[in-house]
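Open the model in your viewer and keep the selection tool at hand. This tour goes stop by stop.

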Amino acid sequence: MSTAGTATQLNLSDPELKLLQTLVYQECGMYFDSRRTPFLQDRVQRRLRECRLDSFYSYYRLLISNEGRQELANLLENLTVNETSFFRNKAQLELFHKNILETLIRRKQQQRRHTLRIWSAGCSTGQEPYTIAMLVADAFAGRMLWNPSGYECVFPKPLVPAPWSVEILASDISYGALRAAQEGIYSEHHMSPVDSSYRFRHFDKVGDRYVVKKALREMIHFDFHNLKTEYLPQRNDVIFCRNVMMYFDEAEQKRLVEKFFRCLNAGGYLLVGHAESLLGLTDKFTMIYRDAGTAYQRIEEDA
Ligand SMILES: C[S@@+](CC[C@H](N)C(=O)[O-])C[C@H]1O[C@@H](n2cnc3c(N)ncnc32)[C@H](O)[C@@H]1O
């Protein structure tokens, strides 16, 4: 059975593919339709080589065994698409910055509840949550500039002034992506969407790399969460789940949107990817559209 070092080309039969598709779908919600089966084949092939197995069934038995939990995690890790970038979908971020954040800060200030909770669900290698943190810091810097007497004068100026507390949770199913996100080290290529003022304020240049400064990193808490599971982080004001649902089928997208509804505070916001929409998935959100940026807001029954 074991063929260490061999590179057997394995073409999965349709029933084998079906077994694997079902297992992956049940575990993480990702759905591999016929367009994406070559990718699935390729990744399984790689894992088989790593595990030094040459038959699909011995690999599948491993995946569904108790001892195979780690290998299942490895397989899922290999199946995720981690493409991301800083300041992705600028129009939507503009809407978040100028409209959603301002509204939330004003609303909470009136209620004297100085906390904001933002969740980047499917954060990949961190560019999304760091972008969110930079925009939140900008929003508070703007407020301190216009109303300096409203804030304590401390040095160095914190990114989020007292009495405010901002928690940005960044989660993913890929441990590799989470590790990179937590490290917060990026190449010049990654940094191309980041303008010089953000680079200067929030990154240290170390050799040819950019390292996220401690103050920005400390605004974010990184954690593993599988969006397929029922238990997900609650009481969020905003959820970013961008370019994740597109890998799920419609039934799983509907379940996820329902979960997000419950994970949001009243009047909270959900931001999905440029190519994604809640159309046909739910009637519990209303769409906000400004200057090509789109977001969804929870509808409250007495609103
Ligand atoms: C294409 S990236 C998107 C990253 C970022 N949100 C953006 O828009 O730039 C998709 C991310 O979703 C994660 N993902 C896929 N399925 C997931 C699941 N079931 N639970 C949590 N994260 C998942 C992947 O690991 C990957 O990092």
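The stops below run from the whole chain to its spaces and then to single residues. Keep in mind that this is a predicted model.

**Stop 1: the whole chain**

Show everything as a cartoon. The chain holds 11 helices and 10 strands. Its radius of gyration is 22 Å, close to the 19 Å that the globule rule gives for 303 residues, so the chain is as compact as a globular protein of that length.

The accessible surface comes to about 15700 Å². Carbon and sulfur atoms hold 51% of that area. Of the 303 residues, 50% count as buried.

**Stop 2: the largest cavity**

Hide the surface and go inside. A search of the whole structure finds 1 cavity of 30 Å³ or more. About 350 Å³ of space lies in the largest cavity.

Select Val81, Gly122, Asp172, Asn243 and Val244. Of the 24 lining residues, these lie nearest the centre of the cavity. Leave Asp172 highlighted, as it returns at the next stop.

**Stop 3: His225**

Select His225. It sits in the loop between β6 (220-224) and β7 (236-241). Is His225 buried or exposed? At 15% relative accessibility, below the 20% cut-off, His225 counts as buried.

Now show what touches it. Leave aside the neighbours within four places in sequence. His225 is then in contact with Leu169, Ser171, Asp172, Ile173, Tyr231, Leu232 and Pro233. Asp172 in this list is also one of the residues nearest the centre of the largest cavity.

**Stop 4: the second largest pocket**

Select helix α5, residues 90-111. This helix gives the largest share of the lining of the second largest pocket, 5 residues. About 170 Å³ of space lies in that pocket.

The lining divides into 6 nonpolar, 1 polar and 4 charged residues.

**Stop 5**

Most residues other than glycine have a negative phi, and most peptide bonds are trans.

- Phe87 is in the loop between α4 (69-79) and α5. Its phi is near 50°, a positive value in a residue other than glycine. At 10% relative accessibility, Phe87 counts as buried.
- Select Asp291. This residue lies in the loop between β9 (285-290) and β10 (293-298). Phi of Asp291 is positive too, near 45°. Is Asp291 buried or exposed? With a relative accessible area of 74%, Asp291 is exposed.
- Select Ala162 and Pro163. A cis peptide bond joins them, with omega at about 5°. Pro163 lies in the loop between α6 (127-146) and β2 (165-172).

**Last view**

Show Phe87 and Asp291 together. Both have a positive phi, yet Phe87 is buried and Asp291 is exposed.

How values were computed. Residues numbered from 1 in each chain as written. Predicted model: local features only at pLDDT ≥ 70, side-chain atom pairs only at ≥ 80, totals over all residues. Heavy atoms only, no water. 1 Å grid on protein atoms, 1.4 Å probe; cavity = no way out; pocket = protein on both sides within 12 Å on 5 of 7 lines; lining within 4 Å. Points joined across faces, edges and corners; volume = space filled by probe spheres on them. Helix = DSSP H or I, 4+ residues; strand = E, 2+ residues; numbered from the N terminus. Nonpolar A, V, L, I, M, F, W, Y, C, P; charged D, E, K, R; others polar. Rg over C-alpha atoms; globule rule 2.2 N^0.38 Å. Buried < 20%, exposed > 50% of the residue type's maximum accessible area, 1.4 Å probe, protein only. Areas by Shrake-Rupley, 256 points an atom, 1.4 Å probe, with all protein chains shown as cover. Contact = heavy atoms within 4.5 Å.
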